[in-house]
Number of protein chains: 2
Amino acid sequence: MDDRWRTIEELKRKATLQVLFRVARMLNEMGVKRIASIAPNTSLRPAHTSLFPHIPHEGIRLVDLAARMGISKQAVFQLVEDLVGEGMLMRRQDPSDGRSKLICFSDLGMEAIKRGLATLSKMEQELVLALGDQVMDQLRTSVLAVHDHLNRQEYKVKQA
Amino acid sequence: MDDRWRTIEELKRKATLQVLFRVARMLNEMGVKRIASIAPNTSLRPAHTSLFPHIPHEGIRLVDLAARMGISKQAVFQLVEDLVGEGMLMRRQDPSDGRSKLICFSDLGMEAIKRGLATLSKMEQELVLALGDQVMDQLRTSVLAVHDHLNRQEYKVKQA
DNA sequence: CTCTTTAGTCAAGCTTGATTGACTAACTAT
DNA sequence: ATAGTTAGTCAATCAAGCTTGACTAAAGAG
């Protein structure tokens, strides 16, 4: 065991962030697996579900959605098209602009989102059961603190 | 604001896991960006770096590495080939098997890993500075608790 | 000693998730 | 009214990250 490797092991042991990444990845995989098992949608891929967090209740225009996701409108178009085909999303005419349509959830889509969130919430409750209220409270408050800090920083960067 | 949507917003507010995912994603993106900025390796992609956590100091055989990552040995071969080309990894002859080679880090590779971990550690220290010792301690212990629990569960599943 | 299996390699091809370019219809500014 | 811009759409293309199949050399079983 040479010195270089020892340094690496030391750094790894201290890396809270690495543990955070791994935990997030494991939980995410677990969630995806569970949701897939209750609704075997062969045709809905990660790229599709990545749209969901960016679709507000009022709806959003294609170009704006693309801008928020940081990819081309053509790419988003195809994803939205698929989701409309599956009945998850719908396009309403934008009352204020004849060219544009407002992309929003259909009833079916909202039900699906609800089921997904419920699955996540169930996983969380299982963790509470296994690890106790206190640990999960600590996780919640500390993660939230980091979250808020990162958002404040991002805001500052955008202002500059 | 109809009832279905209100339920969704309620679920989201309670979802510690969603916040965890988002925080992990943001920090990860930040880390990748920083590391990329200090070492503009145009040719090393995420698929390559995903090998690193599975390569032990003693080295590992291609088939075993592929099994650990859950993908075909041919796919792993290409990635290893690229990394050997970049001087990050090297292949030693396996002393106990004439067919097999042990994939391990080169000196350059270990230096690169060290720099990556150091970057992560620096980000962590910045969080400590911004949020305080206490919050980061809470994050560390709670995330570690979840991590250990998930690993225990995975172990149990594998036993069954 | 032969037969089968296994480790690494090489080649071709596929799916996903994106891109760029072109086009139509609707809006906007002059 | 006309010229230029913008929103959505359609099509072709591309790179990443895999897969499957075929081959070789070494190892192991009978």
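Chain A of this predicted model falls into domain 1 (12-40 + 120-160) and domain 2 (43-105), with bounds from an automatic or database domain assignment. The centres of the two domains, taken over C-alpha atoms, lie 26 Å apart. Local features need pLDDT of at least 70 and side-chain atom pairs count only at pLDDT 80 or more, while totals for chains, interfaces and linings use all residues. Residues are numbered from 1 along each chain as its sequence is written, chains are lettered from A and ligands numbered from 1 in the order written, and side-chain values use heavy atoms, leaving out hydrogens and water.

Turning to the sheet, strands of chain A form an open, antiparallel arrangement of three in the order S1-S3-S2; strands are DSSP runs of E of at least two residues, and helices runs of H or I of at least four, numbered from the N terminus. Two strands count as paired if DSSP finds at least two bridges between them. S1 (60-61) and S2 (89-93) of chain A are the edge strands, each pairing on one side only. Five bridges join S2(A) to S3 (residues 101-105) of chain A, and Met90(A) is bridged to Cys104(A) in S3(A).

Between the chains, helix H2 (residues 16-38) of chain A packs on helix H6 (residues 107-131) of chain B at about 100°, their axes 8 Å apart. Axes are lines fitted to C-alpha atoms, for helices over the stretch in contact, with angles from 0 to 180 degrees between N-to-C directions. H2(A) is therefore roughly perpendicular to H6(B), a label covering 65 to 115 degrees (under 35 is roughly parallel, over 145 roughly antiparallel, the rest oblique).
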